[in-house]
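Colleague: I'd like to learn how to read a model like this one. Could you walk me through it, feature by feature?

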Amino acid sequence: MNQPTDYRYLLSSRNDASKKKQSFYIKTYGCQMNERDSEKMAGLLLQMGFVAAESQDDADIVIYNTCCVRESAEDKVLGHLSILRRQKTERKFILAVGGCMTQQKDMVSLLETKHKYVDIIFGTANRHRLPEFLWRVIESGERVADISEGDENEFPEITDIPVTTREFAHKAGVNIMYGCNNFCSYCIVPYVRGREKSRPVLDVIEEIKALAKDGVKEIMLLGQNVNSYGGEWWEADVHIPATGECHKYKPEKNATFPELLKLVNEVQGIERIRFMTSHPKDFSDELIAALRDLPKVCKHVHLPLQSGSTRVLADMNRNYTKDDYISLALQLQEAIPEIAISTDIIVGYPGETEEDFADTLDVVKRIQFSGAFTFIYSKRSGTPAADRTDLIPRKTANERFDRLTSELYPIMTRKNEAKINHTFPTMVEETTGYGIYKGRINDHTLVHFRSKQELSPGDTVPVQINTAKTFYVSGTH
């Protein structure tokens, strides 16, 4: 049986023999999962002897890790690619495009026909094959277009790389699952990320332990719907003192997300645990208990609402009602009084009536969100909602959007004002110079503060809040 070619070794040997190290630049679009994917690809390239370039203008390899949640994101990528086309006439470099956008067959066809200067086209499920694709381009000059998803049990994880390739030294995202089974009518993700696949528990824990050893203090567990995580347990040696026997034990059921949180909570060196994103329909009592009881799990939940109208939610295929959502949010607030709940809301979904929108405003008033990502609906080709003809006039959607933010922002401001004259442990995120820092409270509130003490990202210090704005608070250490 032939052994698979070790393209990492081949590229590493090639770089070792070269007088000049080749450089790479990765531009990331989209969500935190994409950001983590880019960090791992960067680690992979560094492992093979490439060096990071400061900009794409002088890189030997340029990689675009793309997003396709909105068509505007695709338009932005295609516009930037046109600029690179001009650069390719002036200097020689390898251009690769991967991520969610390229997982669409129509987009692959567009890139192959109208953007022939793109050397590598790859997808979300085969980014671990980047060394192979690079080798094929470098050695033969052939163009590569491959968005194959591989075996259903194969994960596009790249774990045996330096963990020091992160954007932030003190925090990191960890993918615990891929894909989505929900098929919300407005969302393209299940079509480009595939069905849900949960990483085995041991893989996740070993990655987090390696990150903790490298100085990471905050972990963000990532998945399209982390609540539905179901990773396989590993076999464990169980010793029975009474008999002296030792046998292998592996639970029949896969681990749940609350069980995973308990294991991560035990990892030494990790101080804070966050997760994103949660689906309201899968938010269990066990997860509420984990949020309440596990000391390292931050008291913040991002819980997308999308709409407050039960009718619109059914159209969106969200599988919960207005009352279901309110009941869950109130249950969270009762169990964990300090909990901060943020959300996503779409305004102007096809067929949305004034009564439907009033229901959304009603949920906002009753739940008192600490933060919200608000969007005006825009058609996404390839989704069921894209065929709807009962579109909301742009003027009406804009007016509703303004009314929504007019309701949301005063609530967010009041919640921040309630922190004035209180002191909170704050983890430093950025140093801006002159003794001014940015950090986060446990509930994810952004803090601008002054300190006479020299601090570094990852340090946690008490900060007294003095003033508050809609999107941040300010204080002193």
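**Reading the model**

Modeller: Helices (H or I, at least four residues) and strands (E, at least two) are DSSP runs numbered from the N terminus, and two strands pair if DSSP finds at least two bridges between them. Before we go on, this is a predicted model, so local features need pLDDT of at least 70, side-chain atom pairs count only at pLDDT 80 or more, and totals for chains, interfaces and linings use all residues. Residues are numbered from 1 along each chain as its sequence is written, and side-chain values use heavy atoms, with hydrogens and water left out.

Colleague: In which sense do E20 and E21 pair, and over how many bridges?

Modeller: Antiparallel, over four bridges, with E20 covering residues 460-468. For a landmark, look at Gln464, which sits opposite Thr476 in E21. E21 (residues 473-476) also has strand E19 (residues 446-450) as a partner, this time parallel and again with four bridges.

Colleague: What about the chain overall: how many helices and strands does it have?

Modeller: There are 13 helices and 21 strands.

Colleague: How do I read burial, and what share of the residues is buried?

Modeller: Buried means under 20% relative accessible area, exposed over 50%, and partly exposed in between (1.4 Å probe, protein chains only). By that count, 51% of the 477 residues are buried. As for contacts (heavy atoms within 4.5 Å), take the ones between residues at least 6 apart in sequence: 72% of those join residues at least 24 apart.

Colleague: Which faces of strand E15 are covered?

Modeller: The general idea is that side chains in a regular strand alternate between the two faces of the sheet. In E15 (residues 340-347), eight of the eight residues are buried. One side has Ala340, Ser342, Asp344 and Ile346, the other Ile341, Thr343, Ile345 and Val347, and both faces are covered. E15 runs parallel to E14 (residues 300-302), joined by three bridges, with His300 opposite Ala340. Six bridges link E15 to E16 (residues 371-376), also in parallel, and Ser342 faces Gly371 there.

Colleague: Now the loops. Where is Lys92 found, and why does Lys92 count as exposed?

Modeller: Lys92 is in the loop between helix H3 (71-88) and strand E4 (94-99). It counts as exposed because its relative accessibility is 79%.

Colleague: Which residue other than glycine has a positive phi near 75 degrees?

Modeller: That's Asn421, in the loop between helix H13 (394-417) and strand E17 (423-433). Asn421 is exposed, at 60% relative accessible area. Asn317 has a positive phi too, about 65 degrees. Asn317 lies in the loop between helices H10 (310-316) and H11 (322-335) and is partly exposed, at 32%.

Colleague: And where should I look for a cis peptide bond?

Modeller: Go to the bond from Met276 to Thr277, where omega is near 10 degrees. Thr277 belongs to the loop between strand E13 (272-276) and helix H9 (285-293).
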